[in-house]
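Trainee: Could you take one part of this model and go through it closely? I would like a single contact described from its geometry to its residues.

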Amino acid sequence: EIYRAQPWWMACMLVLTLAALASLIFLVLPVEKLFLRLSNMALPLKWQQRFDNIAGPLHCWRSHPGVALATTALAILFQIFGFIFVVYFSAHAVDIQIPLTTIALIAAIAAIALALPMSINGIGVTEGTYVYLFTLYGVSAEKALSLALLCRLYMILFAVLGGLVYLRKPLRAS
């Protein structure tokens with residue numbers, strides 16, 4: 001019912017699907033050859049280096065399909081369990097009762113808002129997105145903001161933990 005009232009939801013799902021398909025093209029087609037050719041053309045050095053920076057990882061992924069598959073699977077699992085469930089359980093923690101599918105869509109849109117270069121790490125933009133989208137479902141702005149801040153706290157906590165793990169790892173000479 002809410003999906004018919006908000007026609008842009010389908011546009012968002014279409015954009016997310018197209019982005020996923022475009023990402024798969026890099027794994028299936030040998031596009032690194034195109035980037036290598038572009039890097040060898042008579043272009044400014046800055047552009048040649050950019051094309052080299054794209055071609056190198058793509059070549060590595062295509063030459064190690066198991067690594068590419070494992071990385072893709074982990075990324076999907078992280079997005080499902082790491083972000084959508086965080087929003088889902090945070091919503092339940094602040095007494096927001098909305099179906100998981102709706103929360104998954106809101107979390108995907110909030111993740112896009114997080115990536116927009118409008119603020120540092122999407123601070124304020126992501127929270128505003130949560131508040132706006134959850135209020136469309138009749139959630140009070142106070143509960144939606146509590147949810148957004150709880151999700152932000154979770155992200156900060158795991159970033160700090162990841163940083164501590166990184167600092168404890170010995171550096172290897174390459």
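Mentor: Axes here are lines fitted to C-alpha atoms, for helices over the stretch in contact, and angles run from 0 to 180 degrees between N-to-C directions. The model is predicted, with local features needing pLDDT of at least 70 and side-chain atom pairs pLDDT 80 or more, while totals for chains, interfaces and linings use all residues. Residues are numbered from 1 along each chain as its sequence is written, and side-chain values use heavy atoms, without hydrogens or water.

The part to look at is the packing of helix H5 (residues 65–93) on helix H8 (residues 141–168), whose axes lie 9 Å apart at an angle of about 135°. That angle makes H5 oblique to H8 (under 35 degrees is roughly parallel, over 145 roughly antiparallel, 65 to 115 roughly perpendicular, the rest oblique). The crossing of H5 past H8 is right-handed (the near helix is turned clockwise from the far one by less than a right angle).

From H5, Gly82, Phe83, Val86, Val87, Ser90, Ala91 and Ala93 meet Leu147, Leu150, Cys151, Tyr154 and Met155 of H8 (contact means heavy atoms within 4.5 Å). By class, this contact of H5 with H8 holds 10 nonpolar residues, two polar and no charged ones; Tyr and Cys count as nonpolar here, and Gly as polar.

As for the setting, the protein chain has eight helices and zero strands (DSSP runs of H or I, at least four residues, and of E, at least two). Of its contacts with a separation of 6 or more, 57% join residues 24 or more positions apart. Buried residues (under 20% relative accessible area, 1.4 Å probe) make up 25% of the 174 residues in the protein chain.

Terms used
Buried < 20%, exposed > 50% of the residue type's maximum accessible area, 1.4 Å probe, protein only.
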